[in-house]
Amino acid sequence: MIPSNACAEQSMNNWDLLLTDARIATMSRGLPDFGTIERGAIAIRDGLLDWVGPGSELPPGRADVTRSLGDRWVTPALIDCHTHVVFGGDRGAEYEQRLQGVSYEQIAMAGGGILATVRATRAASADELFESAMPRLKTLAGHGAATVEIKSGYGLDVDTEIRMLEVARRLGRDSGLTVRTTLLAAHAVAPEFSDDPDAYVELICEKLLPAVAERQLADAVDAYCESIAFDSKQIERVFERARSLGLPVKLHADQLSDGGGAALAAAFSALSADHLEYTSSAGVEAMAEAGTVAVLLPGAFLTLNETQRPPVAGLRENSVPMAVATDCNPGTSPLTSLCEAMALASRLFGLTPEECLAGTTREAARALDLDADRGTLEIGKRADLAVWNVGHPRDLSYWLGSSPLSGLLVAGRDFSLTGS
Ligand code: NIG
Ligand code: FE
């Protein structure tokens, strides 16, 4: 027979960490006001959220470490679902040209733009790419991100695309953050194939995609649907091959013109369609039907001096989930802060501060197919938390140019920015 005090012992919770006196923005779907819990407590065990709720309702338990947050706000750690942080060189000189009135397309047609970064990336070693990307990743973390998607797309040949993805994987291992990798070989036509873009598409489908799938280097496949990149037919080939290899897809869609990108992405049940400035209402409806997330990228909109905004009202009306990301890249969005991305999305696109925060947490998780285990503060999810020095979570969209981050927990552990 088990003595009665042993029973009590067994039903007692054991936690690794207990956070008390927290103001919690759970960001749970369907709850108003950021899903706020005042005077909350969060209990963490084995890197997961074991309990989240009002402190007064905390079940009995013992914690190895208990920490009072002194009424600071806690949100899910942020998720950057669209970046190109691995690249060689920079494009500051092109930025100056664009300030003089030369357009992004003109620069691309003259062999600059993405192809300039391709030349610099091909010339860089894996170590050089790693060393230059790590500070960008750390800056993203310093502004609250614990999960970051990283695309290839500046190699445009088998070796360099694979090198970029390997570097991205290594960044994930060495930083302690979650890195999701995306093959973006269909970013621009490789210079060797400028006379025969279909032959480059063939190379992607027959050589690169199988090689990347075999090495398990990519979590998804992306492409750029635009007159200066690839047309729908070419992208369909890439997506069909990705599907045959079991890889989900996403698309840079309708950024500079309406190329039917959103509908194309939806037709392949894409995880997300990104940019969307020129997306038509038919495109929005197709995304709603397919459950494709709209990833809004205000850093690129700002840097390219765009005037056509993504169809936010239509996305809202059709309940298309909206994510917000940095699109960190050397050409169109040299942006390394999701706080700043939120500040820009509210100002430039009219998102509410709550939509901005949902866009960098819950909906960004969905765009990466990670919503089962992160993106909201709910029991059973990963203990990826950001603690902020703000008076209210709306302030994350309010302040410009600063990081009010007070602490970042990744799988329940303090994330140290000094670790490599
Ligand atoms: O997401 N739109 C295409 N790709 C990037 C730009 C890349 C570059 O210019 O280097 C983007 O904005
Ligand atoms: Fe991009």
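Colleague: Where in the chain is Leu-156 placed, in terms of strands and helices?

Modeller: In this predicted model, strand 7 covers residues 145-151 and helix 6 covers residues 158-175. Leu-156 falls in the loop between strand 7 and helix 6.

Colleague: Is Leu-156 buried or exposed?

Modeller: A residue counts as buried when its relative accessible area is under 20%. Leu-156 has a relative accessibility of 1%, so Leu-156 is buried.

Colleague: What is the phi of Leu-156?

Modeller: Most residues other than glycine have a negative phi. Leu-156 is not a glycine, yet its phi is positive, at about 60°.

Colleague: Asp-46 also has a positive phi. Is Asp-46 buried or exposed?

Modeller: Asp-46, whose phi is near 50°, is placed in the loop between strand 2 (36-45) and strand 3 (48-54). The threshold for an exposed residue is a relative accessible area over 50%. At 64% relative accessibility, Asp-46 is therefore exposed.

Colleague: Which residues coordinate the iron ion (ligand 2)?

Modeller: The donor atoms lie at 2.1 to 2.4 Å from the iron ion (ligand 2). Along the chain, these donors follow the spacing H-x1-H-x167-H-x74-D. The histidines contribute NE2 and the aspartate contributes OD; the coordinating residues are His-82, His-84, His-252 and Asp-327.

Colleague: How many residues apart in sequence are the parts that His-252 and Asp-327 tie together?

Modeller: His-252 belongs to strand 10 (residues 250-253), whereas Asp-327 is in the loop between strand 13 (322-324) and helix 13 (338-349). Both coordinate the iron ion (ligand 2), so the pair ties together parts whose separation in sequence is 75 residues.

Colleague: Are His-252 and Asp-327 buried or exposed?

Modeller: The relative accessibility of His-252 is 3%, which means that His-252 counts as buried. Asp-327 has a relative accessible area of 1%, so Asp-327 is likewise buried.

Colleague: With which residues is Thr-181 in contact, leaving aside its neighbours within four places in sequence?

Modeller: Thr-181 is part of strand 8 (residues 178-186) and is buried, with a relative accessible area of 0%. Its C-alpha atom is separated by 6.6 Å from that of Ala-168, 13 residues apart along the chain. With the neighbours within four places left aside, the contacts of Thr-181 are Ile-150, Leu-165, Ala-168, Arg-169, Leu-217, Ala-218, Asp-219 and Ala-220.

Colleague: By how many Å are the C-alpha atoms of Ala-141 and Phe-415 separated?

Modeller: Ala-141 lies in helix 5 (residues 126-142), and is buried, with 1% relative accessible area. Ala-141 and Phe-415 are 274 residues apart along the chain, but their C-alpha atoms are separated by 8.7 Å.

Colleague: What share of the contacts between residues at least 6 apart in sequence joins residues at least 24 apart?

Modeller: The chain has 16 helices and 16 strands, and buried residues make up 56% of its 420 residues. Among contacts between residues at least 6 apart in sequence, the share that joins residues at least 24 apart is 72%.

Note on methods. Residues are numbered from 1 along each chain as its sequence is written. Chains are lettered from A and ligands numbered from 1 in the order in which they are written. This is a predicted model: local features need pLDDT of at least 70, side-chain atom pairs count only at pLDDT 80 or more; totals for chains, interfaces and linings use all residues. Side-chain values use heavy atoms; hydrogens and water are left out. Donors are N, O and S atoms within 2.8 Å of the metal (3.2 Å for Na, K and Ca); water is not among the atoms, so sites may look incomplete. Helices (H or I, at least four residues) and strands (E, at least two) are DSSP runs, numbered from the N terminus. Buried means under 20% relative accessible area, exposed over 50%, partly exposed in between (1.4 Å probe, protein chains only). Contact means heavy atoms within 4.5 Å.
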